[in-house]
Amino acid sequence: MSGASGLTIALDGPAASGKGTLARRIAAHYGLNHLDTGLTYRAVAKALADAGEPLDDEALAERAARSLDPGALDRTVLSTHEVGEAASKVAVMPAVRRALVEKQREFARRPPGAVLDGRDIGTVVCPDADVKLYVTASAAVRAERRWREIVDGGGTAEYADVLADVERRDARDMGRADSPLKPAADAHLLDTSEMDIESAFQAATALIDGVLARRNAD
Ligand code: C5P
């Protein structure tokens with residue numbers, strides 16, 4: 001669709017809410033760049049783990065964050081459950097967040113505009129985003145989706161363990177002092193508990209098209 005140039009779209013939400021898939025589809029639909037900011041935290045955690053460094057040394061973690069190239073994030077190696085857990089530990093450190101937020105803002109400023117998804121995009125990274133969506137679903141539904149992904153991928157997992165993981169990650173992301181996960185005051189809430197990805201995409205594009213129509217009418 002035309003008229004989306006220069007647009008910044010912020011998608012926040014908890015783990016397994018569907019925001020990543022939604023962000024990719026929205027970016028492709030409007031011809032915008034896309035950054036999954038979770039991958040930046042994951043890459044820092046993985047760099048530390050690969051170097052045999054601890055996850056709680058703020059100076060070392062900051063150095064890893066500063067040397068990160070957001071254009072070279074490999075989703076395949078970063079998408080494991082262990083890396084996700086480790087990422088939520090490095091994500092509590094303010095120096096790591098400062099370094100990554102700088103890179104994320106730089107990414108958002110690049111033409112032709114961008115969709116960023118994460119936990120603090122609408123609140124901290126891009127508070128002036130043109131559209132903010134807070135994508136959520138109940139913990140039970142998110143755990144069910146995650147469990148299905150694992151099983152469909154040939155793995156084994158107990159649903160109760162997956163649910164406990166989802167709840168633990170929510171508690172860490174919502175409870176941290178620096179940039180906790182919460183909807184921005186001006187975010188549109190999109191609860192996908194009862195929606196498939198197609199309906200969520202339709203709801204999101206209806207909202208974005210409304211914003212674009214108002215913007216292009218000015
Ligand atoms: O979204 P994803 O599961 O890849 O994110 C991994 C972890 O990185 C999250 O649990 C969260 O702790 C952290 N994160 C964050 N801020 C963001 C994106 C991710 O703190 N903008």
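**Figure 1. Loop between H6 and S3, with Pro112.** In this predicted model, Pro112 belongs to the loop that joins helix H6 to strand S3. The peptide bond leading from Pro111 to Pro112 is cis. Its omega angle is near 5 degrees. Helix H6 spans residues 94-109, and strand S3 spans residues 113-118.

Figure 2. The domain assignment divides the protein into domain 1 (1-32 + 114-211) and domain 2 (35-111). Taken over C-alpha atoms, the centres of domain 1 and domain 2 are separated by 19 Å. In the contact between them, 20 residues of domain 1 meet 21 residues of domain 2.

**Figure 3. The largest pocket.** The space in the largest pocket amounts to about 1200 Å³. Because domain 1 and domain 2 both give residues to its lining, the largest pocket lies between them. The lining comprises 48 residues. Nearest the centre of the pocket are Ala15, Ala16, Arg42, Arg146 and Glu149. By residue class, the lining of the largest pocket holds 19 charged, 15 nonpolar and 14 polar residues.

**Figure 4. Secondary-structure elements around the largest pocket.** Several elements each supply at least two residues of the lining of the largest pocket, including helix H1 (19-30), helix H2 (37-50) and helix H5 (81-90). Strand S3 (113-118) likewise supplies at least two lining residues.

**Figure 5. Ala16 in the loop between S1 and H1.** Ala16 is located in the loop that connects strand S1 (7-12) with helix H1. Phi of Ala16 is near 65 degrees, a positive value in a residue other than glycine. With a relative accessible area of 16%, Ala16 falls under the 20% limit and is therefore classed as buried. Ala16 is also among the residues that lie nearest the centre of the largest pocket.

**Figure 6. Surroundings of Thr192.** Thr192 occupies the loop between strand S5 (188-191) and helix H10. Its relative accessible area is 3%, so Thr192 counts as buried. A polar atom of the Thr192 side chain lies 3.1 Å from the backbone oxygen of Ser17. When residues up to four places away in sequence are not counted, Thr192 touches Ser17, Val135, Thr136, Ala137, Arg145 and Ala200.

**Figure 7. Helix H5 and its cover.** Seven of the 10 residues of H5 are buried, so this helix is largely enclosed by the rest of the structure. The buried residues of H5 are Val83, Gly84, Glu85, Ala86, Ala87, Ser88 and Val90. The elements that cover them include helix H2, helix H4 (75-78), helix H6 (94-109) and helix H9.

**Figure 8. The largest cavity.** One cavity of 30 Å³ or more is counted in the model. The largest cavity has a volume of about 30 Å³. Its lining consists of Asp12, Gly122, Lys132, Leu133, Tyr134, Lys182, Pro183, Ala184 and Ala187. Strand S4 (residues 131-136) gives the largest share of this lining, three residues. By class, the lining of the largest cavity has five nonpolar residues, three charged residues and one polar residue.

**Figure 9. His188 in strand S5.** His188 is part of strand S5. Its relative accessibility is 31%, so His188 counts as partly exposed. With residues up to four places away in sequence not counted, His188 touches Lys132, Leu133, Tyr134 and Leu207. Among these contacts, Lys132, Leu133 and Tyr134 also line the largest cavity. His188 and Ala206 are 18 residues apart along the chain, and 12 Å separate their C-alpha atoms.

**Figure 10. Ser179 in the loop between H9 and S5.** Ser179 lies in the loop that links helix H9 to strand S5. Phi of Ser179 is near 50 degrees, a positive value in a residue other than glycine. Its relative accessible area is 12%, so Ser179 is classed as buried.

Definitions and conventions:
Residues are numbered from 1 along each chain as its sequence is written. This is a predicted model: local features need pLDDT of at least 70, side-chain atom pairs count only at pLDDT 80 or more; totals for chains, interfaces and linings use all residues. Side-chain values use heavy atoms; hydrogens and water are left out. On a 1 Å grid over the protein atoms alone, a cavity is a set of points where a 1.4 Å probe fits but cannot get out, and a pocket is an open set with protein on both sides within 12 Å along at least five of seven lines; lining residues have an atom within 4 Å of a point. Grid points are joined across faces, edges and corners, and a volume is the space filled by probe spheres set on the points. Helices (H or I, at least four residues) and strands (E, at least two) are DSSP runs, numbered from the N terminus. Ala, Val, Leu, Ile, Met, Phe, Trp, Tyr, Cys and Pro count as nonpolar, Asp, Glu, Lys and Arg as charged, and the others, Gly among them, as polar. Domain bounds come from an automatic or database domain assignment. Buried means under 20% relative accessible area, exposed over 50%, partly exposed in between (1.4 Å probe, protein chains only). A polar contact is a pair of N or O atoms within 3.5 Å; within protein, one must be able to donate a hydrogen and the other to accept it, and residues adjacent in sequence count only if both atoms are side-chain atoms. Contact means heavy atoms within 4.5 Å.
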